[in-house]
Amino acid sequence: MMEFNQFFVQGMALLGAGIAMVAGLGPGIGQGIAASKAAEAVGRNPESAGKVRSLMVLGIALAETTGLYALVVALLLIFLKG
Amino acid sequence: MDTFDGIVVRLGEWQIPIQQSVLNWLVLCVLFSLLFFFVGKKVEKADVRKAPKGVVLLVEIVVQLCSNIIGDNLKEKTQKYLPFFGTLTMLMAVSNLLGLVGLQPPTSNLSVNVTLAVMMFILIQYTGFKEKGIGGRLKELTEPMWLLTPLNLIGELALPLSLSMRLFGNILAGTIIMLLVYTVMKGFAPFGYVGYAVTPLLHAYIDIFSGLIQTYIFFTLASFFLGQQALEEED
């Protein structure tokens, strides 16, 4: 018979925090795509390097948002239940 | 390194704990208001015909930077909103950089971020209702068809949530990583000093790069959504 005591809750919360961080996959892929396209753009038109760089940094930081949501969820799980 | 959690204000039976991050924010506010007061006096006295130098030149560069951030999105209304956005940009940039001197950045506290984001939300909604009228704004929410109204409402409410969470997650993650690195260094006492080879790089990335980029993104997004409400749409 399984017991649903506080240790079970703690373990499950920490497991959930780990699973939540799987969301790090998405931003990783997205940032990679953004960087590769920026490199392509600079390769085609080297004069626009400055503009492309600032746009790429903005886009990459925006793509990071979903990963950060997952991080916030994981931190909440760790600090409130862990 | 001793950790300083904050102070507790006692009013009779009431105890109000003030965390270090909020305390930092309050101190920054006082410092910045003093700075703005004295620098403002100096700028008023400055001669327009001569080239600026010293403090006036520095302030001009900072104001130019702030107006560049919101200028693309607000176009001809930049001057109207520059005092509000510029002040908050400077405050947030400095508060994100506070991690460099070992203090807790105020923006790693969710209440500070939510306050800022809700301020932006109220400003955007107020501008929308003022510029387009109550009817026009409500009609805009039912576009392109009335079935999509709930989705539009969620879209409006997602703005303060995403603004505050993005900033909070980034700065808190940075603070925690730095805390972990310093704790590990303390744990391996004599050999921990090797860690000083890594910490400058981490500080450069986490505090300076990430902090300033997040400031830029916060105000770019806020002014973008404000521009959608404040400017007439051009077809």
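User: Which pattern does chain A follow along the sequence?
Analyst: In this predicted model, chain A has three helices and zero strands. Read from one end of the sequence to the other, the pattern of chain A is α-α-α.

User: Which pattern does chain B follow along the sequence?
Analyst: Chain B has six helices and two strands. Its C-alpha atoms fill a box of roughly 70 × 55 × 45 Å, taken along the principal axes. Along the sequence, the pattern of chain B is β-β-α-α-α-α-α-α.

User: How many bridges join strand β1 of chain B to strand β2 of chain B?
Analyst: Strand β1 of chain B covers residues 6-11 and strand β2 of chain B covers residues 14-19. Ile7(B) has Ile18(B) as its bridge partner in β2(B), and Val9(B) stands opposite Ile16(B) in β2(B). The two strands run antiparallel, and the number of bridges joining them is six.

User: Which residue in the turn between β1(B) and β2(B) has a positive phi?
Analyst: β1(B) and β2(B) form a hairpin, with two residues between them. A positive phi of about 60° occurs in this turn, at Gly12(B).

User: Which residue of chain B meets Glu131(B) in a salt bridge?
Analyst: Over all chains, the structure holds four salt bridges. One of them joins the side chain of Glu131(B) to its partner at 3.4 Å, N to O. The pair links distant parts of the chain, 54 residues apart: Glu131(B) lies in helix α4 (residues 110-141) of chain B, and the partner in the loop between α2 (55-74) and α3 (78-97) of chain B. That partner is Lys77(B).

User: How much area do chain A and chain B bury between them?
Analyst: The size of an interface is often given as the accessible area lost when the parts come together. The contact here takes twelve residues from chain A and 15 residues from chain B. Carbon and sulfur atoms carry 81% of the buried area, which is about 1100 Å².

User: How many residue pairs are in polar contact between chain A and chain B?
Analyst: The side of chain A that touches chain B has ten nonpolar, one polar and one charged residues. Between chain A and chain B there are zero salt bridges. With both residues required to be at pLDDT 80 or more, the count of residue pairs in polar contact is one.

Definitions and conventions. Residues numbered from 1 in each chain as written. Chains lettered and ligands numbered in written order. Heavy atoms only, no water. Contact = heavy atoms within 4.5 Å. Buried area = accessible area lost by both parts, 1.4 Å probe. Polar contact = N/O pair within 3.5 Å; in protein donor to acceptor, adjacent residues only side chain to side chain. Nonpolar A, V, L, I, M, F, W, Y, C, P; charged D, E, K, R; others polar. Pairing = 2+ DSSP bridges. Helix = DSSP H or I, 4+ residues; strand = E, 2+ residues; numbered from the N terminus.
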